[in-house]
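Hi everyone, thanks for making the time. I'd like to walk you through a structure that may be new to you, so please have a look at it on the screen.

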Amino acid sequence: MFVRSDDKITTRQASLFLTNTILGAGILTLPRDVVETVKTPDAWISVVLGGIIVMLAIVVMVKLSQQFPGKTFYQYSKRIVGTYPGGFLSSLLIIYFLISAGFQNRALAEIAVFFLLEGTPIWAIIIPFIWLGAYLVFGGINPIARVYQIIFPISFLILILCYVLSVRFFDINHLRPVLSEGFIPVIRGLRSTILVFTGCEVVMIITAFMQHPEHALKAMLTGIGIPLALYTLTVVMAIGGLSIDSVITSTWPTIDLVRSFEISGYFFERFEFPLLVIWMMQMYCIFSSYFFNASLGISQVFKLKLVPVIFGLMPLIFIFAMIPRRINDLFAIGDIIGIMGGFLFILMPILLLTVLMIRKKGLKQDV
């Protein structure tokens with residue numbers, strides 16, 4: 001399946017597509033992950049530096065994709081390195097998207113069972129969301145982007161409202177002293193922070209769907225800038241509101257931060273429940289994005305129709321989602337996905353762009 005001429009997204013939709021693909025369960029667990037590694041209040045600096053590194057990787061991905069207008073990574077990788085090596089790299093990306101789709105669905109189910117639907121079987125939550133994701137993916141990238149335009153503003157407003165209400169418990173002294181142990185702990189924290197930006201690989205796919213691909217760089221940097229700002233704010237608020245010792249011992253530090261206050265006499269007295277409900281929608285967006293990219297990849301690499309591919313992937317995603325037995329197993333798989341993502345959005349684009357520059361004259365002659 002090639003990119004349909006009528007299935008295009010605007011520059012703003014492309015930005016939100018990237019934002020919604022990255023901004024997920026990491027908002028609930030990042031403070032613990034990065035503080036546990038850094039072990040100082042400077043964890044937020046690691047987040048900023050990690051985001052800058054990912055931005056540089058996105059610049060490479062955009063420049064690479066712009067060399068092949070209207071073509072996704074699955075299509076132009078074969079032109080750069082050949083049919084079989086390109087097919088192998090595409091297969092790696094497809095496997096990554098499939099595993100990530102299962103991971104996100106399972107993480108969504110775990111949060112729902114732990115906080116909202118205690119006692120509900122995991123499979124009873126996973127299966128409906130797989131069907132909902134398939135329903136959205138059937139429509140193509142434009143309906144997915146339009147759903148993102150509805151969900152993200154709601155998620156953003158609820159999250160910011162929670163942080164504003166938690167300001168009363170914020171203690172700036174929890175963030176001091178700055179760089180008391182130098183830059184070494186900050187550098188150690190880069191691994192945790194870079195991994196939370198996994199999902200930005202979709203840049204190499206969605207650029208082909210943009211109405212104005214010449215604006216792709218601006219769109220993608222905006223799309224990564226929003227999660228970077230929110231992740232940094234989350235780490236700052238979690239450390240300032242809970243202290244680094246409390247953050248390290250918490251499984252879901254962001255939820256614990258929101259639980260630390262309540263507003264008596266209002267429709268919502270405790271805000272962790274609306275935040276969790278809304279954030280489950282946000283995680284559904286991530287799952288749908290991975291589902292779409294995996295389906296599109298198999299369709300384009302193996303020249304298959306998209307609809308049968310979507311149906312065929314549903315049981316496979318269910319299997320991936322059910323593999324973790326406990327929450328610790330889920331977190332371990334998340335670390336593996338992060339390492340895979342680091343290779344896919346940092347090393348692979350650089351490799352392909354280098355080969356493209358070497359073979360540029362030959363490629364121009366082929367065109």
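I'll start with the whole chain and then move to a single residue.

One thing to keep in mind throughout: this is a predicted model. What is the protein built from? Its secondary structure comes to 17 helices and 0 strands. As for its overall form, the radius of gyration is 20 Å, close to the 21 Å that the globule rule gives for 367 residues, so the protein is as compact as a globular protein of that length. If you turn the model along its principal axes, the C-alpha trace spans about 65 × 45 × 35 Å.

Now let's look inside. Of the 367 residues, 55% are buried. And if you take the contacts with a separation of 6 or more, 84% of them are between residues 24 or more positions apart.

Finally, please zoom in on S289, which sits in helix α14, the stretch covering residues 272-301. Is S289 buried or exposed? With a relative accessible area of 0%, against a cut-off of under 20% for buried, S289 counts as buried. And which residues does S289 touch, once we leave aside its neighbours within four places in sequence? S289 is in contact with F17, T21, Y148 and V202.

How values were computed:
Residues numbered from 1 in each chain as written. Predicted model: local features only at pLDDT ≥ 70, side-chain atom pairs only at ≥ 80, totals over all residues. Heavy atoms only, no water. Helix = DSSP H or I, 4+ residues; strand = E, 2+ residues; numbered from the N terminus. Rg over C-alpha atoms; globule rule 2.2 N^0.38 Å. Buried < 20%, exposed > 50% of the residue type's maximum accessible area, 1.4 Å probe, protein only. Contact = heavy atoms within 4.5 Å.
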